[in-house]
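Let's work through a few exercises together. Keep the viewer open and try each task before you read its solution.

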Amino acid sequence: MSGTNLNVPVDLSSSKLSFDDFRYIILDDYKLAVQSRYVSLLGRKEVLTGKAKFGIFGDGKELAQIALAKVFQNGDWRSGYYRDQTFAFASGISSIYHFFSQLYANPNLEADISSGGRQMVAHFSKSLVDKQGNWVNQTLQKNTVSDISTTGGQMSRIMGLGLASKLYRTNVDLSYLDYFSNQGNEVVFCTVGNASTSEGVFWETMNAAGVKQIPVVISVWDDGYGISVPNEIQTTKADISEALRGFQRDHKGEGFEIFKVRGWDYPGLCETYEKAAKIAREQHIPCFVHVTELTQPLGHSSSGSHERYKSHERLDWEKEYDCNVKMRDWLVEAGIASPEELEVIELEAKKFVREEQRKAWTDYRKTIQGDFEEAIALLLKMDNEIVELPLKTLQSITEASLKEIYSTVRLVLRELRFKSSPEKDELIRWYKKQQELNRQRYNDNLFIENQNSAFNISGSSPEYEEDAKIVDGREVLNACFEANFLKDDRLIAFGEDVGKIGDVNQGFAGLQEKFGDLRIFDTGIRESAIIGKGLGLALRGLKPIAEIQYLDYLIYAMPVLSDDLASLSYRSKGQQKAPLIIRTRGHRLEGIWHSGSPMSLLLGGLRGLHICVPRNMTQAAGMYNTLLKSDDPALVIECLNGYRLKEKMPCNVGEFTVQLGIAEVVRSGSDITVVSYGSTLRIVQEATLELEKIGISIEIIDIQCLQPFDRTQICAQSLQKTNRLLIVDEDVPGGASAFILQQILETQEGYFHLDSQPRTLTAKAHRPPYGSDGDYFTKPSVDDVVEIAYQIMTEVNPQQYPKIY
């Protein structure tokens, strides 16, 4: 474990720089440190005066981040967190103007270049695609993944970002993708707070990175606290680098190179990062840099004060060991600059920051002013006393927000609901036009909205030869994957047991032997790292399929799936994409721990991912073919009990496509519309035999995708014919079935076609006990489907369908 000390004199004897050049660099770094500190101070004031909603800043971390930025090269990647403002300024990822624009939530992407007003301040991003949605050359820019607020959440994605460099270096078949990598010579720089090292995702990723030996430099900014909780309560030995001693590289060269350096030691920081970056870049050995003795002068955020929980002794120490103060002292003691010269630098730095802040605020107000002036002009045209008070109220607001502008307009339109006039019509037209503008400002790009969208892939049918083989469903999937891997060298598949044995249900059986372990490989049991690996690989131009062995194991990866992958397109306003496919199996399992069908959890947490629920493996293959032609991230849930069911082998198994969000009528009927998906759809189909004997005709609809849902409104069309609705699902009561009801009755206006109460048939509220009997009494069965359908018809015609019991 390496350490450094500021007391070592600066040696310029071997440097190619003149003293004047060296002095210029040092003083420029000090100027940036002062600027960044004043950004934190001024930003906090802007929050406290009400101009901004919330502030979180990087004060006390300035020198370490300046040193880190010195080794950050074009093609490299940052996966950081919301204390990295100085690093962002030093590397050019962001600027002080852009920082304040984000603080004010400017919805203009030219002002808040990271998120267009969607993310809180200090959440940085870099555009990875052009306006058409195509990848930019990542080797010509310094790259950063769009930040998230989840503590430690930035860790998991570094697995894929770093592994991509390893694959680009070792897999010659990827050499044509030279706009993603310079022969694998990129380093991933991850920054994380000391308290976040207590998160499970930190340890999971550390373990995985050590196993894979990826080129990553992980920096821990250690200021001694996690909000109010000190290191003694956070970490074993109160020291994360001490706790990680077992990860230190051994004589075999395996593990991490671990460094420890003080956050106020400018020469030591520069030396440490130069060493770490060189090791990671050249040898692909992961490095860990523990930056200690940092401070946080303004406290955790604009919402609290650290004086409440820090002792007077600690606060006095923080003033003395503030990194900017220590650098200033060092510059004077080393004869690099006089106090008077530094005062000039400090005054100029503050002046510059204030100018950039004012410019950002002015531009933000200009964005709103257009809406304000148009609304006022339209309201002034209305000769009605009802409008006078709302108009005067709006005019009296010195700096009105968009909320206040549109709330006033909507209030006026409600008040004038019984009045008609050309002026009112003009206001309504303007309001509707502005609604589309505001959608673009705040609601677009949940999914990709360009030529690479999965919605642009049309459907095509599987084709069969006359003597088509009847095979196990798993063989259809296997053939689909093989066909696609032959076509596209970018495809990679991984997960627990995926490599050597071809996954537990043989979807990849034999494919590692054909395509090698660089493309199809095993991982450890670490769901967060598996999804993070897929996310990082997808960001770097590859097409990964990440397998989570069973559906209920997705719960262990939900923070990465929900907070990072699902929101990526939205929170970057379409500037980043990650075409990751997550493959899993479930829906119709037995036993408490492998029986979950947490569809409502997925629907609630994964908005931004397509959720595909194929009823058989042929449908699954068509969905994979669609997704692999597009750039949308998706989750495909295969039916666990369908791998050995017999299906015909299509002769175009790697070509035919299933349109996402297009439901299918799999059986026509006249009495009841029954909507289902996945394994429960087969149960509904089995129930038709008895229902036909009884004289009940059901129309069965396979929704195929939960997200997006029935884009052509097949369900509502069916209801126009049957006027009755039954939804069959094995999620808990009020789970996915409630979502399906909302979509059909509200979004599709199916409510108007109902002649009977809509019904849902779901699993019980608990997980099923083990065994077939437990499954029968817990989840929808054929008997349940028959009897619920019968009950619906009993209400219609009790004479023909008398109560059974």
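The score pLDDT is the predictor's confidence in each residue, from 0 to 100. This is a predicted model, and the protein averages a pLDDT of 94, with 98% of the residues scoring at least 70. Over residues 4-14, however, pLDDT stays under 50.

**Exercise 1.** Find the open sheet of five strands and work out which strands stand at its edges.

*Solution.* 
- Start with the order of the strands, which is β18-β20-β19-β22-β23, with mixed pairing.
- Now look for strands with a single partner: these are β18 (664-667) and β23 (759-761), so one side of each has no neighbour in the sheet.
- From one strand to the next, the twist averages 25 degrees.
- Further in, β19 and β22 run parallel and are joined by three bridges; V675 has I727 in β22 as its bridge partner.
- Finally, helix α25 (residues 736-747) lies across β19, β22 and β23.

**Exercise 2.** Decide how the rings of F494 and F521 are arranged, and what their pairing ties together.

*Solution.* 
- F494 belongs to strand β11 and F521 to strand β12, so the pair ties together parts 27 residues apart in sequence.
- Both F494 and F521 are buried.
- The charged end of K533 sits over the ring of F494, 5.5 Å from its centre.

Notes
Residues numbered from 1 in each chain as written. Predicted model: local features only at pLDDT ≥ 70, side-chain atom pairs only at ≥ 80, totals over all residues. Heavy atoms only, no water. Contact = heavy atoms within 4.5 Å. Pairing = 2+ DSSP bridges. Helix = DSSP H or I, 4+ residues; strand = E, 2+ residues; numbered from the N terminus. Axes fitted to C-alpha atoms, helices over the stretch in contact; angles between N-to-C directions. Phe/Tyr/Trp six-rings, centres within 6.5 Å; stacked < 30°, edge-to-face > 60°. Buried < 20%, exposed > 50% of the residue type's maximum accessible area, 1.4 Å probe, protein only. Lys NZ or Arg CZ within 6 Å of the ring centre and 35° of its normal.
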